Amino acid sequence: QVQLVESGGGLVQAGGSLRLSCATSGSIFSINDMGWYCQAPGKQRELVATITRAGTTNYADTVKGRFTISRDNAKNTVVLQMNSLKPEDTAVYYCKATRWTGSRWTDYWGQGTQVTVSS
């Protein structure tokens, strides 16, 4: 099992910045992709950004140029730097890790951290 704990959410004014961190513990070997997803009230959870173990990144179009994802493979942590925040970024942000368990890829999720951007 892998445990993920997010931190860094909060309330910020439009145009401000937040830095989300995700710490992992447990069976963290063989973790490949890590990423951030968000879910606003009444909406489905959606991709924000992902990063492979090799450092290849992928971003949702809505956050390109504003958000940056990075990871520390030695510590198996992933960070999302969020700049130029907009009210529409308001959501619960979840960290996800994908791990090879020997027979299949398995996704693990954190409990989420609230990000609220006021106008």
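In strand E9 (91-100), Val92 is the bridge partner of Gln39, where strands (E, at least two residues) are DSSP runs numbered from the N terminus. The model is predicted, and local features therefore need pLDDT of at least 70, side-chain atom pairs count only at pLDDT 80 or more, and totals for chains, interfaces and linings use all residues. Residues are numbered from 1 along each chain as its sequence is written, and side-chain values use heavy atoms, with hydrogens and water left out.

Strands are taken to pair if DSSP finds at least two bridges between them. Strand E4 (residues 31-39) runs antiparallel to E9 over seven bridges, and strand E11 (residues 113-118) is joined to E9, also in the antiparallel sense, over three bridges, with Val92 standing opposite Gln114 in E11. A further antiparallel pairing, over five bridges, links E9 with strand E10 (residues 105-109), and here Trp105 in E10 is the bridge partner of Trp100. The hairpin of E9 and E10 has four residues between the strands, and Gly102 takes a positive phi near 105 degrees in this hairpin. Because eight of the 10 residues of E9 are buried, this strand is largely enclosed by the rest of the structure; buried means under 20% relative accessible area, exposed over 50%, and partly exposed in between (1.4 Å probe, protein chains only).

A disulfide is a covalent bond between the sulfur atoms of two cysteines, and the criterion applied is a pair of cysteine sulfur atoms within 2.5 Å. One disulfide is found in a search of the whole structure, and it is formed by Cys22 and Cys95, with sulfur atoms 2.1 Å apart. The pair links distant parts of the chain, since Cys22 lies in strand E3 (residues 18-26) and Cys95 in E9, 73 residues apart. Cys22 is buried at 1% relative accessibility, and Cys95 is buried at 0%. Cys38 is likewise buried, with a relative accessible area of 10%, but its sulfur is 13 Å from the closest cysteine sulfur, in Cys95, and is therefore too far for a bond.

The largest share of the lining, three residues, comes from E5.
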